[in-house]
Amino acid sequence: MATDKPDIWDSFVHEFNPRRFLIRLAHMEIPPLEVIGRAFVRAAIVGLFLAVVLVSLYGTSWTTVDHLPQNLEDQSNIKAIGTLIFTDFVVPFEVLSIVLLSSLMGAIYMAKGEDNQ
Amino acid sequence: MIPLNWYLALSAIIFAIGLYGFISQKNGIRILMCVELMLNAANINLVAFSSYNDDMSGQVFALFSIALAAAEAAIGFAIMMSIYRMRDAINLDELNLLRW
């Protein structure tokens, strides 16, 4: 058996060796103040957004049904969704097919490049 | 029965994670992944309201939104590929091709 090739146990020990984490921690450099400030501003924006949304969400009394409708013989609602797609939403469905087709054509044209025709 | 608020809170948290990634990342692929995260948060909202109001059309909207997300991801990754061919980088901070 070749000794230069580490087996899976050696690589496991190397991966979770605490000495590696200590070395990485000792060599970690503190980022400059403006980087920390930018990260703080971003986190403040997102935290403010999340706080506003969560508070307004728990302050609203949503009107819901008392019990979820379920049919014990047929648990899925695929049939109802398909019926709805092909009756009420048939025009958006066709428009969506055009959108998907054109976007995929554009994507393939852009990703193809000129050199490998 | 799980309250509706829990679904909405989960959706808001996922949207916030996506928003944070969207404004903090520089890699184009990561930004596209965060956009997908935000779209899927909207899908969770649509499906939750649809089932809790016993109205099926929200789930159809969710299907349409998934299809639109697929189109958006295809276009986005194609743009990323052509940018990478041109510049050998996908760091969006260094990219000012469309800047006025």
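The answer below is about chain B and its contact with chain A.

A: The model is predicted, so local features need pLDDT of at least 70 and side-chain atom pairs count only at pLDDT 80 or more, while totals for chains, interfaces and linings use all residues. Residues are numbered from 1 along each chain as its sequence is written, and chains are lettered from A and ligands numbered from 1 in the order in which they are written.

Chain B has 3 helices and 0 strands, in the order α-α-α along the sequence. Helices here are DSSP runs of H or I with at least four residues, strands are runs of E with at least two, and both are numbered from the N terminus. The radius of gyration of chain B is 17 Å, well over the 13 Å that the globule rule gives for 100 residues, so chain B is more spread out than a compact globule. That radius is taken over C-alpha atoms, and the rule is 2.2 Å times the number of residues to the power 0.38. Along the principal axes, the C-alpha atoms of chain B fill a box of roughly 50 × 25 × 25 Å. Of the 100 residues in chain B, 19% are buried (20 or more other C-beta atoms within 10 Å of the residue's own; 12 or fewer is exposed, in between is partly exposed, and C-beta atoms are placed from the backbone). Among the contacts in chain B with a separation of 6 or more, 48% join residues 24 or more positions apart; two residues are in contact if their C-beta atoms, placed from the backbone, lie within 7 Å.

Two packed helices are described by the angle between their axes and the distance between the axes. The axes are lines fitted to C-alpha atoms, for helices over the stretch in contact, and angles run from 0 to 180 degrees between N-to-C directions. Angles under 35 degrees count as roughly parallel, over 145 as roughly antiparallel, 65 to 115 as roughly perpendicular and the rest as oblique.

The axes of α1(B) and α2(B) come within 8 Å and cross at roughly 165°, so the two helices are roughly antiparallel. Their crossing is left-handed, that is, the near helix is turned anticlockwise from the far one by less than a right angle (clockwise would be right-handed). Residues that meet here include Leu8(B), Phe15(B) and Phe22(B) in α1(B) and Ile31(B), Met38(B) and Asn45(B) in α2(B). By class, this contact has 18 nonpolar, 5 polar and 1 charged residues. Ala, Val, Leu, Ile, Met, Phe, Trp, Tyr, Cys and Pro count as nonpolar, Asp, Glu, Lys and Arg as charged, and the others, Gly among them, as polar.

Helix α2 (residues 28-52) of chain B also packs on α3(B), at an angle of about 175° with the axes 9 Å apart. That makes this pair roughly antiparallel. The contact includes Leu32(B), Leu39(B) and Leu46(B) of α2(B), with Ile66(B), Ala73(B) and Phe77(B) among the residues of α3(B). The residues divide into 14 nonpolar, 7 polar and 1 charged. In the loop between α2 and α3 of chain B lies Asp54(B), whose phi is near 55°, a positive value in a residue other than glycine. Asp54(B) is exposed, with 11 other C-beta atoms within 10 Å.

The contact between the chains takes 33 residues from chain A and 30 residues from chain B. On the chain A side, the elements that give two or more residues are α3 (33-59), α4 (78-87) and α5 (90-112). That side has 26 nonpolar, 6 polar and 1 charged residues.

Helix α3 (residues 57-87) of chain B comes within 8 Å of α5(A), axis to axis, and the two cross at roughly 15°. They are therefore roughly parallel, with a left-handed crossing. Leu96(A), Leu100(A) and Ala107(A) are among the residues of α5(A) that take part, and Phe64(B), Ala71(B) and Ile75(B) are among those of α3(B). This contact has 16 nonpolar, 3 polar and no charged residues.

Helix α1 (residues 4-24) of chain B holds Ala12(B), which is buried, with 21 other C-beta atoms within 10 Å. Leaving aside neighbours within four places in sequence, Ala12(B) is in contact with Leu50(A), Val53(A), Leu54(A) and Leu57(A). The C-alpha atom of Ala12(B) is 8.8 Å from that of Asn45(B), 33 residues apart along the chain.
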